[in-house]
Amino acid sequence: MKATELHKALESSITSCQPSEYWKSHMVRQIVKEEGMTKRTKLSTGVILVAVFMLISAVALAVGILVNEYYAKVAEMDASGALGRWNLEDKITFVKTMRECNFEMDPELYQILMDEGNTKEERENAADRIVDDTYGELIRQQQGYYISKPEDSIGVAPDPVIVFQERYFAEHPEPIDDTPEGRKALLAYTDALGYYLRDVYNPLYMQERDGQGGLPEKTEVTEETAIEALRSLMTEVLGWDPEEVSRMTPEVQWDAEYRMWTVSGEVSAASMERMTDRRKGMEPSLEGTLVEKTVTGYRATLLVDEKGNQSFDTLDKEEFRNMCLNDVTPEINTDAQEALALAERAIRDKYHVTETEMNALFCDLRPVGTVEDGGLLVRMQFHTHYQLNQEMKYGAVINLGTGKVEAVYTYDSGQWPAALQILKYGAECEAKYGWYIHWNPESKAELIRRLRETGICPDHSFWTLAQPDEARMDAFIAEAFGVPGYPSAVNEARMIHVLLGNEENRDQETQSLLQYLLEKYHIHSEVTAEEMKQGGSEIDRESAGQIVKDAVCEAWNMPKDAMEKWECTTQLVQAPATPQHASLVCYRVFLTRPDSEVGLDTFGGRDNFNYRILLNGTVMDSTMVSEWYSPAEDVKRWSKEP
Amino acid sequence: MEKETLVPGSISEEELIRLVDTYSGILLGLCRLTLGDTAMAQDVVQETFLRAWKKGGIRQESEKAWLIRVAMNLCHDYHRSRWWKHIDHKASIDEIQIAEPDPADREILTLVKDLPFRERQIVILHFWNRMTLANIAQTLGISQSTVFRELEKAKKRLKIELEGG
């Protein structure tokens, strides 16, 4: 090949790209607005941040001893503070470890680093470049920006998770994308990360997950703690010079009535003059709120109650005290590790689980409330994958106040009580079809079969006589779930209310499994059941007409007053008979277009609407007569017609 | 390479549009050839112009060199990312029209694309942009000896007949 040919080929390739005007102008708009760029990369580094609290004892991760040693070394360095300190010695240790674990690195840079004849700066730069070559990009991605210049090396130590991630992907190049294989690869990655964090890195702290806070800390505020809180207020909030603050002589008073410390300290005006403009600039806004200007300087005052709550002295003490008292602090006498041991023992005893099987599971912990004695209840869930809610196996509820195991249970629904099994079935159907009234006849029949089989609901001789029709099934279900005549009002929440009773009467096992069902099937609350109960009172004819008008306007995306002039006729009617209740009572509502509007565009080509509405205000759909449709269904139905 | 002199202050929108109109095609082609991925190349080009905007202007006589240098470094950054291997490279891009190369060129381009990343970068800068080894070294932030070594390896792979410099 000749150089000219190569040049021509490169030139033709490089000049062959013609970006569209739209793309160019879009790019300019984005840049000028400084909105930043939209990256096309499909996978977020957020997947690495799914870390949860890892509790279970160590088990070896079989991915090769050399790699494991490397991880262990990084974890050890982090524990000793080396990754935070990150001086020359730390960098040398880190780079040596990388080298021992066969990482590729620039030999020239390594030589510069190891040559004691070079200056400290040269050696540190060399180390930064070596680390940057391997981890720089990941660190930058995590920090959300790019630095292109090679000389701008990051100069910070890589996070242990980044270390793991980099090595893992080097050894597992399978793509992670939105395919079954990709998702499997992602699951494998997160599991491996979980085992690393749990067994090698082993962080003994609670990380927040999905907004769920960690365990509340037990606080005992002493005079020293109160003073420390004031110093931190002065330096971190007010931005005062730490040296001046450390020289300050604080004044502390204990108020036995309100059970709180009042701690204050003064910094001289002269010392404030030496501070930067920024700090001085804060004075006007702070004076009279946090800071009082005295003859000789500036005084800050802080209230700290016995539990560590803080406020400024502008807040009334009594108000502050009431606020703190309402903030109940649960009692914790058992730490997370002890709770884990208790849970594991209870699970192994009840379900005969081996130690190996137990160790292979991940565990997460979340506070679920307090009991009467003030003890904090925590729910511990054991699952097979690092990603939460993936293949849950066992659970336990521990009282951290007393150390008592309140409940031990399995997520194997085959071992659940009958009521919970029915609720699981109900939740599955609701997730698939919606509320009960929308289920298909087979699903409805199956629900009835389960209810009869378990004897939870009283049986009726009707079921043995003939194959029941759908109307009769609906009537039976409405009766069984406490809303006779209103099958449209039956949903999972109502089933829970009937099958399990009020929340305060349920045991911890039932409540935990129920919570699991609600989360798994995205059923948001039981409030719905109560709302249904509250809203069960009958509506009058006028309201019925207006409700239907509103529903039609909403479904057809019309202004609310679009049907104001429409004529409304209402009839109270009875639906077909059912075993226990002879009738299903509802309104039939006819809406007719007024003569004055005839000739204008009509909605769906119809000049009138005809719906049924239950006495509790629910606009019915096609429950008993096939040609009945709800307003929303009408929209779909008519939109298909030419 | 000459050290460019930056014009103080922010460049105007008109100036940015001129830069984009003049260089976006070349940069896109360059990045696409370097990275082998159109979506990535678009990201790099966007990022390059963003930096030009934030820099506050570039002297006109050295703007092309400056933009190429930034784009090449960004390509390197992208390529170093371990996430590189976990990105959907099939993302369809309809904002760009790409002319089909003639068969002879395609054969050569295939060989170039098969080169290791660093060698590919050096070959492109040297044979397409006629950059000297010193300039390439400065642009990519590596030593001249490394550039020489990599270029020699690339020439052997490509079986270049003429002296490349």
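## Helix α19 of chain A

The face of helix α19 in chain A that is turned away from its buried side carries the exposed residues A:P441, A:E442, A:R449 and A:E453, as seen in this model, which is predicted. The buried residues of α19(A) are A:K444, A:L447 and A:L451. Seen down the axis of α19(A), these buried residues fall within an arc of 60 degrees, and therefore they line one face of the helix. An α-helix has 3.6 residues a turn, so residues three or four places apart point the same way.

Just after α19(A) comes A:G455, which takes a positive phi of about 70 degrees.

## What covers α19, and a residue of α18

What covers the buried residues of α19(A) includes two other helices of chain A, namely α18 and α21, the latter made up of residues 470–480. Helix α18 comprises residues 418–433 of chain A, and A:A427 is found in it. A:A427 counts as buried because it has 20 C-beta neighbours inside 10 Å, and 20 is the number from which a residue is called buried. Although A:A427 and A:Y521 are 94 residues apart in sequence, their C-alpha atoms are 6.3 Å apart in space.

In soluble globular proteins, nonpolar side chains tend to be buried together. The largest nonpolar core of this model has 78 residues, of which A:A339, A:A343, A:M380, A:I398 and A:I477 touch the most other members. Helix α9 of chain A, residues 180–201, provides the largest share of this core, with seven residues. When neighbours within four places in sequence are left aside, A:A339 is in contact with A:T334, A:V378, A:M380, A:I398 and A:L400.

Apart from this core lies another, which has 53 residues, and B:V20, B:C31, B:A41 and B:V45 are among them.

## Helix α6 of chain B

In chain B, helix α6 spans residues 133–140, and its buried residues are B:L133, B:I136, B:T139 and B:L140. Around the axis of α6(B) these residues cover an arc of only 125 degrees, which means that they lie on the same side of the helix. Helix α6(B) is followed by B:G141, whose phi is positive, near 70 degrees.

Key:
Residues numbered from 1 in each chain as written. Chains lettered and ligands numbered in written order. Predicted model: local features only at pLDDT ≥ 70, side-chain atom pairs only at ≥ 80, totals over all residues. Helix = DSSP H or I, 4+ residues; strand = E, 2+ residues; numbered from the N terminus. Buried ≥ 20, exposed ≤ 12 C-beta atoms within 10 Å, placed from the backbone. Core = buried A, V, L, I, M, F, W, Y, C linked by C-beta atoms within 7 Å. Contact = placed C-beta atoms within 7 Å. Arc of directions from axis to C-beta.
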